[in-house]
Amino acid sequence: MKVQGLNVIDPIAHGEKVRERVYNNLTNQRLVRRLREGRSYNGSTTIDVIGCNMLCSYCYVDDSFLTGKPSPKNMLGKESKKGTVKPYTPRELANETKLFIEENKTPKRIQITAAEPFLTPEWTIDLIRELAPFIRKNKEHIWIDTNGLDIVKNPEILKKLEDYKDILRIFISSKNSPEHYAQMTRVDPKYEDTGFKCIDKLWDKEYSAYLQAIAALFFPETFEWYEQRLSKLHKAAPLLLDLDRLSYLPLDRIRSGLQSTGLWDIRQKDTKVEKAWQEFLEEHYGKEIERLFSVDFFEKDEALVRNLIFENKPIEECHLFKQS
Ligand code: SF4
């Protein structure tokens, strides 16, 4: 199917094919690219899974890690040949992760990312269950990055995660406004509301969850659309949108992805967008803003969703506003 001259996928049908490639239901093993120390969320030990139902043009991983299709020339093929890509059951991966942390002295905070963790919901829930005692013992969290599609599609996921709400932090990509959605995701624009639907469900059940936009692809002409869409969720939601810097933007992979969908030439400067969004929020709330929300860099911000959204503390007292 073509939209705005671009080939786009249906992520549900595409995701089913990818799942068959990256997950073996006889052994309950999913392909994992690697364990590493990551910079996100104030530093974490990161599990990079393989396989996603989307094909975002700005994604920092090679398409082969998204589709699960190895070839001698692509990165999945090359890394599989080297033996670094391996299939794991949740228990095997939890044990390997704990060993990795012990041997490499990496943070006890764990991030599950790099593709779509909930592409295999049962496997990911089992992984969380296996990691939970270690995480609780160390008073840490598991951060999961998701595009939200499977959570929206399958309400059982949130029911099964209920017991782990205390240790879970879920980070959802909002992708983009309708006019740039297909360019950003290479997905049928009928799914453009997915990130917003997902956070609505998560906040409704009081999961600590955060919505993100990519600063370089967050266009000032779409601020109003975002503000209206976010305000429908909660009056504090515009204040809690997390702008992520595309610090990896110079990578060839990102450049060619964005060039292929026409986003490269219209990308924004992160700092310019942050300033513009801050000014927009100041007008929206009628208050001066000290700095923007960021769970990546400011640990204190992590409690804001619970304070403002679940406990309805007065928004005026939020530390992101300049206090007189
Ligand atoms: S949803 Fe995330 S992992 Fe999947 S393609 Fe998009 S950016 Fe990459």
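This tour moves through a predicted model, from the whole chain to single residues.

**The whole chain**

Begin with the entire chain displayed as a cartoon. Its secondary structure comes to 13 helices and 11 strands. Along the principal axes, the C-alpha trace spans about 60 × 50 × 35 Å. A compact globule of 324 residues would have a radius of gyration near 20 Å, and the value of 19 Å for this chain agrees with that. Of the 324 residues, 40% count as buried. Consider also how the chain folds back on itself: among contacts between residues at least 6 apart in sequence, 75% join residues at least 24 apart.

Select strand 3 (residues 23-24) and strand 4 (residues 29-38), which run antiparallel and are joined by two bridges. Asn24 stands opposite Gln29 in strand 4. The two strands form a hairpin with four residues between them, and Asn28 in the turn has a positive phi of about 55°. Most residues other than glycine have a negative phi.

Strand 4 and strand 5 pair in the antiparallel sense over six bridges, and the bridge partner of Leu35 in strand 5 is Ile47. This pair is also a hairpin, with five residues between the strands; Tyr41 in its turn has a positive phi of about 55°.

Thr45 has Ile110 in strand 7 as its bridge partner. From strand 7, three bridges lead on to strand 8, again in parallel. Here Ile112 stands opposite Ile144 in strand 8.

**Leu119**

Select Leu119, in the loop between strand 7 and helix 5. Beyond its sequence neighbours up to four places away, Leu119 touches Gly15, Val18, Arg19, Gly51, Cys52, Asn53 and Asp150.

**The ligand**

Proceed to the ligand and display the residues around it: Cys52, Met54, Leu55, Cys56, Cys59, Leu66, Ala115, Glu116, Asn147 and Ser173. Colour them by class: seven are nonpolar, two polar and one charged. Cys52, already met as a contact of Leu119, is one of the residues in this shell.

In soluble globular proteins, nonpolar side chains tend to be buried together. The largest nonpolar core here has 84 residues, of which Ile50, Tyr58, Ile142, Ile170, Ala209 and Leu240 touch the most other members. Strand 10 (residues 209-214) gives the most to this core, with five residues. Select Tyr58 next. Apart from residues up to four places away in sequence, Tyr58 touches Met184, Ile214, Leu217, Leu246, Ile254, Gly257 and Leu258.

**Helix 9**

Within helix 9, select the buried residues Thr194, Gly195, Phe196, Cys198, Ile199 and Leu202. What do the buried residues of helix 9 pack against? Their partners are helix 6 (149-153), strand 9 (168-173), strand 10 and helix 10 (223-233). After helix 9 comes Glu206, whose phi is positive, near 60°.

**Two loop residues**

End with Lys139 and Arg186. Lys139 lies in the loop between helix 5 (121-137) and strand 8 (142-146), while Arg186 lies in the loop between helix 8 (178-185) and helix 9 (194-204). Neither is a glycine, but Lys139 has a positive phi of about 50° and Arg186 one of about 55°. Their surroundings may be set side by side. Lys139 counts as exposed because it has 9 C-beta neighbours inside 10 Å, and the limit for that class is 12 or fewer. Arg186 has 24 such neighbours and therefore counts as buried.

Note on methods. Residues numbered from 1 in each chain as written. Predicted model: local features only at pLDDT ≥ 70, side-chain atom pairs only at ≥ 80, totals over all residues. Near = placed C-beta within 6 Å. Nonpolar A, V, L, I, M, F, W, Y, C, P; charged D, E, K, R; others polar. Core = buried A, V, L, I, M, F, W, Y, C linked by C-beta atoms within 7 Å. Buried ≥ 20, exposed ≤ 12 C-beta atoms within 10 Å, placed from the backbone. Contact = placed C-beta atoms within 7 Å. Rg over C-alpha atoms; globule rule 2.2 N^0.38 Å. Pairing = 2+ DSSP bridges.
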